[in-house]
2 protein chains.
Amino acid sequence: MTTQARTRAATINDVARVAGVSRAAVSKVLRDAYGVSDAMREKVNAAIDELGYRPRVSARGMRGATFTIGIELPNLDNPFFSDLVSGATSRLLGEPYQLIVAPASPANAEGERAIQALTDRQVDGVIAISPEVEQSWLEDVAAAVPLVMLGRHDDTREYDTVVGDDAAGTRLVLEHLLGLGHRRIAHLTLPESVTVERPNTTHGVREAAYRRIMADAGLAGEIRVVNVEPDPETVYAATRDLIDGPDRPTAVFAAHDELALTVLRAVADAGPAGGDVSVVGYDDTWIARHPLISLTSVNQSGQHMGGRAIDLLLDRVAGRKHPVHEVVAPRLLVRESSRAPTA
Amino acid sequence: MTTQARTRAATINDVARVAGVSRAAVSKVLRDAYGVSDAMREKVNAAIDELGYRPRVSARGMRGATFTIGIELPNLDNPFFSDLVSGATSRLLGEPYQLIVAPASPANAEGERAIQALTDRQVDGVIAISPEVEQSWLEDVAAAVPLVMLGRHDDTREYDTVVGDDAAGTRLVLEHLLGLGHRRIAHLTLPESVTVERPNTTHGVREAAYRRIMADAGLAGEIRVVNVEPDPETVYAATRDLIDGPDRPTAVFAAHDELALTVLRAVADAGPAGGDVSVVGYDDTWIARHPLISLTSVNQSGQHMGGRAIDLLLDRVAGRKHPVHEVVAPRLLVRESSRAPTA
DNA sequence: CAGCATTGTACAACTCGCGGT
DNA sequence: CACCGCGAGTTGTACAATGCT
């Protein structure tokens, strides 16, 4: 502690020696296991404090648990993901588990690598968002470690899911816009590799629901889906194409808030010449609520979803085997970014 | 792989048996160590593929490295932190290291716990942002594992630092505002526990520079520092107090963009009655550039800082002993949130 | 007898079942 | 019976030692 350049960090053996007990006894105290007297516990704890001892998680992981749960995220830029993490973190207060986040590399399809990095590190459970990964691969992962997936509507054998009711959320958005009198409503979303090719993902369900509801409203001819890579430049350019092109939509339903913000930016930059375009997002992130942004959005409480994911994971760690699929009800928050069309 | 309900995951022993070689040989090809023939490498890799073998990082950690570098962050809500992580992630492409993020719990002074969680997990290096932690404690940590701290101007013995030139950045802000004709310029920042009590932190330096520059400009009487906990409600209330109270400032210099956004919110909510208040932030996060926000801010490139932190850490892993202190030059981005005072 | 490739084996730090007082 | 300790087991690393041209 006070001495510098300590030779080596203390191990369980050092603690045992100082406390005058066996290594196994120290282990029991550490794990709060059955069969330790108060006197023993006190002696051991005193030695632990004296040496500043901390158990190596690596060594623990060889036989027991690592008391670590890992969460894989596509990136940290989307504030919805921060909500998830913050919900998970606060649900974990008081539990002996430490949360670690593994951001997938910017490249696509890096989700697998990040999930594997977590399992390689012997985490006790994994939470992940990976629309691009095959279900069969996830089932294999789940056979080895408790797994909860976010944002997938899969019918699974081995893992749990927490997901918003994306069809209902999309209905809320479209009924709102249709009710305002909009007809030319475009849907801006992620590439087809995570929508039409992955009909069980959030964005797959949202796109399908958009198409269905538009058709049901007799607006099949107005269906317009723009699939783009989610980097700002591409989204911006795609939106400008939409605004500056023929048959400009009067409303854009963006698949999530981060996209919606870029749409708002393009609309703002286009100025009055761009016409009056309503914009709706999804996730109701904190920035949507900002009065200067005031973005109409669908709330599905990322905090709550993150917390529930932890609940399900801890259930699984405790032994549950059958899959649970939790669906979170969406709410529409109407703000200034959506209004009746002027034309 | 294809078979389900595999009994147990493959170990290095299984690989050795299938390949018909010794365990040591397998270890060598895994580590790319000296002294393996091409034939050996091929046999082993074939066995690895066949078994779907992946080395346990826990076991590796017992003797060698974990190929993991950990980054501790106070939270994931501040987009500047996302920039840091994204800079670190892309700098790490091609390196054999995996980045994991440990968010500190919302409670204050949880930074120590999160850093310890990383060292307990035997990471090969740590990057951290922890203004509240004692330097002596960090020196102890750094004696055991390579450490790079962000946002601290410490004169260190064992760890490196990457930090913006906060005095220069503050000067850019104040010269800009003074040049516009502002006199009543308030500074909204974090609690004194991380400013006046920690003069080596970013926010400590910014506050001190604010006081000095104001005084040098003959405005000692106008110095007004508001120290608040950074949760939105508190910041909002403090800003309203400022706006609605006597001697309303004509400009507010917020210590970082996340705070500045809440200030903008309070100003927007106050409406014309709140008067014309210029707002300046710090970090130039992506949201500051949004045309609906258009926040004047100081850029110190989080991406660059995150990348440099990785560079320094890898240097240290490779053996460097003496401390390096890297200072990043700031740039002021003037946008619509700051303008000449009307009164 | 160099100069390789390859293997044997001593660790590393903890957990846990079982046997002993 | 309540407590405690022995010792094997966990998976990989790395160095010394062996075997082979």
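Reply: Let's start with one pair of side chains that reaches across from chain to chain: B:Arg54 forms a salt bridge with A:Asp120. The closest N and O atoms of B:Arg54 and A:Asp120 are 2.6 Å apart. Side chains of opposite charge can pair when their charged atoms come close. Keep in mind that you're looking at a predicted model, and every distance here is computed from it.

How many salt bridges does the rule find across the interface of chain A and chain B? Two. There are also 17 residue pairs in polar contact across the interface, counting pairs where both residues are at pLDDT 80 or more.

So which pieces of chain A supply the side that touches chain B? Five elements of chain A each give at least two residues: α4 (57–63), α5 (79–91), β2 (98–103), α6 (111–120) and α11 (257–270). The largest share comes from β2(A), with six residues. If you sort the side of chain A that touches chain B by class, you get 24 nonpolar, 12 polar and nine charged residues.

Now zoom out to the whole interface. Here 45 residues of chain A are in contact with 45 residues of chain B. The area buried between the two chains is about 4100 Å², and carbon and sulfur atoms give 63% of that.

Helix α11(A) lies across β6, β8 and β9 of chain A, and runs at about 165° to β9(A). Those strands belong to an open sheet of four, in the order β7-β6-β8-β9 (chain A), with parallel pairing. Why is one side of β7 (224–227) and of β9 (278–280) of chain A left without a neighbour in the sheet? Both strands stand at the edges and have a single partner strand each, so one side of each has nothing next to it in the sheet. From one strand to the next, the twist averages 20°.

Look inside that sheet and you'll find β6 (residues 185–189) and β8 (residues 251–254) of chain A running parallel, joined by four bridges. To spot where they line up, find A:Leu188, which stands opposite A:Ala254 in β8(A). Another helix, α9 (residues 202–216) of chain A, packs on the sheet as well. Helix α9 of chain A touches β6 and β7 of chain A, and its direction makes about 170° with that of β6(A).

The loop between β6 and α9 of chain A is worth a stop too, as A:Arg198 lies there. The side chain of A:Arg198 makes a polar contact with the side chain of A:Glu134, at 3.5 Å. Leaving aside neighbours within four places in sequence, A:Arg198 is in contact with several other residues, including A:Pro131, A:Val133 and A:Gly204.

Over in chain B, there's an open sheet of four strands with the order β7-β6-β8-β9 (chain B), again with parallel pairing. Its edge strands are β7 (224–227) and β9 (278–280) of chain B, each pairing on one side only. Strand β8 (residues 251–254) of chain B runs parallel to β9(B), and three bridges join them. Here you can find B:Ala251 opposite B:Ser278 in β9(B).

Let's end where we began, with salt bridges. A search of the whole structure finds 38 of them over all chains. One is between B:Arg91 and B:Asp311, with the closest N and O atoms 2.4 Å apart. That pair links distant parts of the chain: B:Arg91 sits in helix α5 (residues 79–91) of chain B and B:Asp311 in helix α12 (residues 302–317) of chain B, 220 residues apart.

Notes
Residues are numbered from 1 along each chain as its sequence is written. Chains are lettered from A and ligands numbered from 1 in the order in which they are written. This is a predicted model: local features need pLDDT of at least 70, side-chain atom pairs count only at pLDDT 80 or more; totals for chains, interfaces and linings use all residues. Side-chain values use heavy atoms; hydrogens and water are left out. Contact means heavy atoms within 4.5 Å. Buried area is the accessible area (1.4 Å probe) that two parts lose on being put together, summed over both. A salt bridge is a side-chain nitrogen of Lys or Arg within 4 Å of a carboxyl oxygen of Asp or Glu. A polar contact is a pair of N or O atoms within 3.5 Å; within protein, one must be able to donate a hydrogen and the other to accept it, and residues adjacent in sequence count only if both atoms are side-chain atoms. Ala, Val, Leu, Ile, Met, Phe, Trp, Tyr, Cys and Pro count as nonpolar, Asp, Glu, Lys and Arg as charged, and the others, Gly among them, as polar. Two strands pair if DSSP finds at least two bridges between them. Axes are lines fitted to C-alpha atoms, for helices over the stretch in contact, and angles run from 0 to 180 degrees between N-to-C directions.
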